[in-house]
Amino acid sequence: MACNRCMSSVFKDKIGRCNQCMAINLVLLIGLSGIYLLANVEQWLAVQRVAFLMFLMLTAILMGLHLIAWCYYRLTGT
């Protein structure tokens, strides 16, 4: 079951508040990092490398935003 924040379509309401979304993002980031470290990315086509690295980078940025917002909400008590 999704929480009330997950059911919202507003991105701003979800960031840093929804534990389910943060867990999914963390699993994605760990999985992608594992693929990057264990797979031989140099043998992939250039388009595949660029797409994979962009997805990895955007997942890391989203996780960073989640962590910043989560810390902010914990420190301010909101």
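**Ground rules.** I number residues from 1 along each chain as its sequence is written, and my side-chain values use heavy atoms, with hydrogens and water left out. Since the model is predicted, I take local features only at pLDDT of at least 70 and side-chain atom pairs only at pLDDT 80 or more, while totals for chains, interfaces and linings use all residues.

**Overview.** I found four helices and zero strands in the protein chain. Helices (H or I, at least four residues) and strands (E, at least two) are DSSP runs, numbered from the N terminus. Along the sequence I read the pattern α-α-α-α. Buried residues make up 22% of the 78 residues. Here buried means under 20% relative accessible area, exposed over 50%, and partly exposed in between (1.4 Å probe, protein chains only). I also looked at contacts (heavy atoms within 4.5 Å). Of those with a separation of 6 or more, 55% join residues 24 or more positions apart.

**Helix 3, length.** I checked the span of helix 3.

**Helix 3, faces.** I listed its buried residues: M22, N25, L29 and L32. They cover an arc of only 100 degrees around the axis, so they sit on the same side of helix 3. The arc is taken from the directions from the helix axis to the C-beta atoms. The face turned away from the buried side carries the exposed residues N19, V27, I30 and L38.

**Helix 3 against helix 4.** What do the buried residues of helix 3 pack against? They pack against helix 4. Helix 3 (residues 19-38) and helix 4 (residues 46-76) pack at about 145 degrees, with axes 9 Å apart. The axes are lines fitted to C-alpha atoms over the stretch in contact, and angles run from 0 to 180 degrees between N-to-C directions. On the helix 3 side, the contact includes M22, N25, L29 and L32. On the helix 4 side I noted, among others, F52, F55, A60, H66 and W70. By class I get 15 nonpolar, four polar and no charged residues.

**A60.** I then looked up A60, which lies in helix 4. A60 is partly exposed, at 37% relative accessible area. Its C-alpha atom is 9.6 Å from that of S33, 27 residues apart along the chain.

Methods. Ala, Val, Leu, Ile, Met, Phe, Trp, Tyr, Cys and Pro count as nonpolar, Asp, Glu, Lys and Arg as charged, and the others, Gly among them, as polar.
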